[in-house]
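Subject: Handover of a structure and its side-chain analysis

Dear colleague,

Please find below the structure that I am handing over to you.

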Amino acid sequence: MLQEESDLSLIIAQIVQKLKGSSLYAQLERQAWASLQRPEIRLESLKEDIKEFFKISGWEKKLQNAVYSELNVYPLPSHPAAPPEHLKEPLVYMRKAQGSWEKRILKSLNSMCTELSIPLARKRPVGQQKELLNKWNEMGTDEPDLSLFRPVYAPKDFLEVLINLRNPNYENGDSLSFRTHLGLIQVPLKVKDIPELKECFVELGLNTGQLGIDDSTQVPPELFENEHVRIGQKVLAEQDSAAAQQYIRQGSPTALRAELWALILNISSQPEDILYYEQLKTNVIQHDLLVDSLIYKDVKLTASNDDYYFVFEDYLYQVLLCFSRDTSVLGHFAYNSASPPKSYIRGKLGLEEYAVFYPPNGVIPFHGFSMYVAPLCFLYHEPYKLYQTFREMYVRFFFRLHSISSHPSGIVSLCLLFETLLQTYLPQLFYHLREIGAQPLRISFKWMVRAFSGYLATDQLLLLWDRILGYNSLEILAVLAAAVFAFRAVNLMEVTSLAAAEFLLIFLL
């Protein structure tokens, strides 16, 4: 009981500290001062009167949403005696593996920098600044020579690292149940079984209406869709983040999705938010980074060749270039197993006082990174709103898909959950694919690491991401990947190679 109270006090203290640095805190302070001029505010009951004013004026609801948002993002407090790195990742071997992976990425980036004789960062000449500013809304028309640039890494490179991941404590005398796992991931993490998944995703049961199924043309709208839309409108009117998160578990109506996601992610459209985006844009105009070319290259290789997303090429450049300069993203490294890369001012290598994070947001883009942004372009047409939504989605969810950790929504756990589900409930299919050299994870990994972006039609993908937001979990990705194999099980039992299995599944996605 005392431990629970201590944990609660710690959570409250952390959230209060975080909110004190937010624009909402300043707004609440201004509103409190302004309310003192109101006749209903009396000195003898000042505290209660201001609370009542906040409640009536809607500011109490905004504060509740902000607290709820922080609870969804921040990890539960660890033991008071635990060192800070335990908050990032409790398992030592995972931290070491992530550290080694980061060194490989940095080595790849630095070698490219040396080979091409290009600095990591430089100030643009005034002429180039003016040129970039003038074509800011049509950067897709620019065709820079990117032939010498290559992605720092691709999902398949990351998969090889995860396959070689081992817990040193299990090298000798490991348990029989663990060794009976025939998949590629060989680390002993606890993942949910079917009964636990049913309990977790109870709203996805067959007896509950789902948008994407029960709103099809064959189903009369009065049976589910009309009522679901009406409830969604009521949730928006109430401006309640928790209610919106619960509601969206059954899928969001297309017309309400943008507002519902913004409510769940606690995104506001205050003047200071627009100004912050403009400051990031100014930083892009003034300085040229090596990662800019990696972003250009990735967009050209992925989204620009996608039938759904090629029209948003300009938006993708704007959002991703601004994202690379956003130092507020560094805050998520407090609960991310990864650490932001450092660079040093020329001639000062190794001197910490001359170290800077590079890129400024601490995130080096990889092949397919732009596909995290592309689907959001269907929801938000103002660049600053699109940017805010992507940033929140990244620091809540997407970073877990390319960092090594033991978190239940981390990519290692997702891979293990996928393989465990297949091996447990479709053992014949799993064994068949393994025997022909078509390990299922080699096919599904790229789906999960991109959160299925680029592999599902956009309307289906947004319905999937509804559930990610609704359950505040990425585990649904592994469940869907296993479901795809289950759906094609009969056909997959007849294939004789990895290429044939991949070809078959392309037609389903």
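In what follows, a salt bridge is a side-chain nitrogen of Lys or Arg within 4 Å of a carboxyl oxygen of Asp or Glu. The model is a predicted one, so that local features need pLDDT of at least 70 and side-chain atom pairs count only at pLDDT 80 or more, whereas totals for chains, interfaces and linings use all residues. Residues are numbered from 1 along each chain as its sequence is written, and side-chain values use heavy atoms, with hydrogens and water left out.

Salt bridges

By this rule the structure has 16 salt bridges. One of them joins the side chains of Arg-230 and Glu-227, with N and O 2.7 Å apart. Both residues belong to helix α11 (residues 225-238), where a spacing of 3 residues separates them by about one helical turn. Helices (H or I, at least four residues) and strands (E, at least two) are DSSP runs, numbered from the N terminus. Arg-230 counts as partly exposed because its relative accessibility is 44%, and Glu-227 is likewise partly exposed at 39%. For these labels, buried means under 20% relative accessible area, exposed means over 50%, and partly exposed lies in between (1.4 Å probe, protein chains only).

A second salt bridge connects Asp-466 with Arg-257 at 2.9 Å, N to O. Since Asp-466 lies in helix α21 (residues 458-471) and Arg-257 in helix α13 (residues 254-264), this pair ties together parts that are 209 residues apart in sequence. Are its two partners buried or exposed? Asp-466 is buried, with a relative accessible area of 0%, and Arg-257 is buried as well, at 4%.

Glu-115 forms a salt bridge with Arg-150, and the closest N and O atoms of this pair are 3.4 Å apart. Glu-115 sits in helix α6 (residues 92-116) and Arg-150 in the loop between α7 (126-134) and α8 (155-163), so the pair ties together parts that are 35 residues apart in sequence. Glu-115 is exposed at 55% relative accessibility, while Arg-150 is partly exposed at 31%.

The network around Arg-124

Salt bridges that share partners also join Arg-122, Arg-124, Asp-288, Asp-292 and Arg-325 into one network. Within it, Arg-124 is located in the loop between β1 (121-123) and α7, and it counts as buried because its relative accessibility is 12%. The side chain of Arg-124 also makes polar contacts (pairs of N or O atoms within 3.5 Å; within protein, one must be able to donate a hydrogen and the other to accept it, and residues adjacent in sequence count only if both atoms are side-chain atoms). This side chain reaches the backbone oxygen of Ile-285 at 3.2 Å, and a polar atom of the Arg-124 side chain lies 3.3 Å from the backbone oxygen of His-287. Leaving aside neighbours within four places in sequence, the residues in contact with Arg-124 include Gln-129, Leu-132 and Val-284, where contact means heavy atoms within 4.5 Å.

Aromatic pairs

The structure holds 26 aromatic pairs. Rings of Phe, Tyr and Trp (its six-membered ring) pair if their centres lie within 6.5 Å; planes under 30 degrees apart count as stacked, over 60 as edge-to-face and the rest as tilted. Tyr-153 and Phe-366 form a stacked pair, at 5.1 Å centre to centre and 20° between the planes. This pair links distant parts of the chain, 213 residues apart: Tyr-153 is in the loop between α7 and α8, and Phe-366 is in the loop between β4 (355-357) and α17 (383-396). Both Tyr-153 and Phe-366 are buried. Phe-366 also pairs edge-to-face with Phe-369, at 5.6 Å centre to centre and 80° between the planes. Phe-369 is buried, with a relative accessible area of 3%. One aromatic cluster takes in these three residues together with others, among them Trp-101, Phe-158 and Trp-465.

Cysteines

How many disulfides does a search of the whole structure find? The result is 0 disulfides, a disulfide being a pair of cysteine sulfur atoms within 2.5 Å. Cys-200 is in no disulfide, and the nearest cysteine sulfur, that of Cys-415, is 18 Å away. Cys-200 counts as partly exposed at 26% relative accessibility, whereas Cys-113 counts as buried at 14%.

Yours sincerely
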